[in-house]
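Subject: Structure handover

Hello,

Below is the structure you are taking over. My notes on it follow.

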2 protein chains.
Amino acid sequence: MAKHDPDLSLLFHALADPTRRAILARLATGPAPVSELAAPTGLRLPTVMRHLSVLEGAGLIVSAKDGRVRSCAIVPEALVPVRTWLDEQRAIWESRLDRLDDYVTKLAKERAK
Amino acid sequence: MAKHDPDLSLLFHALADPTRRAILARLATGPAPVSELAAPTGLRLPTVMRHLSVLEGAGLIVSAKDGRVRSCAIVPEALVPVRTWLDEQRAIWESRLDRLDDYVTKLAKERAK
DNA sequence: GATATAGTTAGCCTTATGGCTAAGCATGAT
DNA sequence: ATCATGCTTAGCCATAAGGCTAACTATATC
């Protein structure tokens with residue numbers, strides 16, 4: 001049941017920050033060097049670098065240095081584990097929906113007493 | 001571009017913790033009182049309570065107190081924004097895959113000059 | 001070779017996170 | 001009324017997260 005799943009924790013944590021999601025969104029339109037990614041954030045370079053490290057650590061992006069420029073690119077398949085987890089959860093949660101209705105109804109009745 | 005999306009940040013952050021994912025998995029099999037959720041974690045009650053607060057704050061669970069027992073239940077539709085975001089990203093990322101080829105080719109040509 | 005450019009590293013600061021204990025409060029059982 | 005149970009609150013502690021500045025390295029460019 002995926003007790004230890006550092007991958008998922010890293011992925012979700014990486015996605016939990018708006019700046020990092022913005023960077024991903026920008027990268028979705030194509031690879032970009034670090035300073036181009038930093039510009040729209042209003043943040044300093046070292047700060048952006050750390051966001052990029054988090055993204056790279058989670059496997060969401062890759063980067064390569066060409067001369068003095070580091071170009072970053074998205075890793076599309078990185079989201080697969082997230083999607084898989086979501087699908088699993090949805091399967092379980094939905095299969096329980098009918099019984100949940102019963103439960104909520106029961107609760108409401110208890111409350112109404 | 002989803003600049004301000006506190007919902008997503010809350011959701012992803014809530015999902016980033018293994019204990020919280022375990023609690024969700026447990027709740028997927030049906031509602032449960034706090035102490036039943038705490039037992040398998042090996043954590044103290046106050047600690048578990050805070051995990052539950054995070055989950056409830058993200059809208060992933062609801063809870064109601066019946067007597068001295070607080071019963072927690074999953075909110076299946078809470079994952080919809082996550083799923084939507086994932087779908088959007090996948091759409092963009094994948095639609096870019098063909099153009100990525102072009103980009104790489106262009107880069108190679110630039111380099112060759 | 002000097003200078004600007006693009007990252008990088010180191011270190012500091014503040015707040016948030018995740019764990020705990022100890023004490024409190026409300027409710028169910030005796 | 002007393003006591004046990006189940007949760008709650010308050011507060012402490014250590015570490016991680018997210019921001020910064022300042023100083024350094026490495027590559028273009030003139």
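Which strands of chain B does helix α2 lie across? Helix α2 (residues 18-28) of chain B lies across β1, β2 and β3 of that chain, and runs at about 90° to β3(B). Angles run from 0 to 180 degrees between N-to-C directions, with axes as lines fitted to C-alpha atoms, for helices over the stretch in contact. Helix α4 (residues 45-57) of chain B packs on the sheet as well, touching β2 and β3 of chain B, and its direction makes about 120° with that of β2(B). Helices (H or I, at least four residues) and strands (E, at least two) are DSSP runs, numbered from the N terminus.

On conventions: this is a predicted model, in which local features need pLDDT of at least 70 and side-chain atom pairs count only at pLDDT 80 or more, while totals for chains, interfaces and linings use all residues. Residues are numbered from 1 along each chain as its sequence is written, and chains are lettered from A and ligands numbered from 1 in the order in which they are written.

The sheet in chain B is open, with 3 strands in the order β1-β3-β2 and antiparallel pairing (two strands pair if DSSP finds at least two bridges between them). Its edge strands are β1 (32-33) and β2 (61-66), each pairing on one side only. Between β2(B) and β3(B) (residues 69-74) there are 6 bridges, and V62(B) stands opposite A73(B).

Around DNA strand D there are 21 residues (near means a C-beta atom, placed from the backbone, within 6 Å). The closest are R44(A), T47(A), G67(A), P33(B) and S35(B). Helix α4(A) gives the largest share of this surface, 4 residues.

The largest nonpolar core has 44 residues, and L55(A) and L55(B) have the most contacts inside it. Such a core is a set of buried Ala, Val, Leu, Ile, Met, Phe, Trp, Tyr and Cys residues joined through C-beta atoms within 7 Å. Leaving aside neighbours within four places in sequence, L55(A) is in contact (C-beta atoms, placed from the backbone, within 7 Å) with A14(A), R20(A), I23(A), L60(A) and I61(A).

M49(A), in helix α4 of chain A, counts as partly exposed because it has 15 C-beta neighbours inside 10 Å. For reference, a residue is buried with 20 or more other C-beta atoms within 10 Å of its own, exposed with 12 or fewer, and partly exposed in between.

Chain A has 6 helices and 3 strands, and buried residues make up 23% of its 113 residues.

Regards

Conventions:
Contact = placed C-beta atoms within 7 Å.
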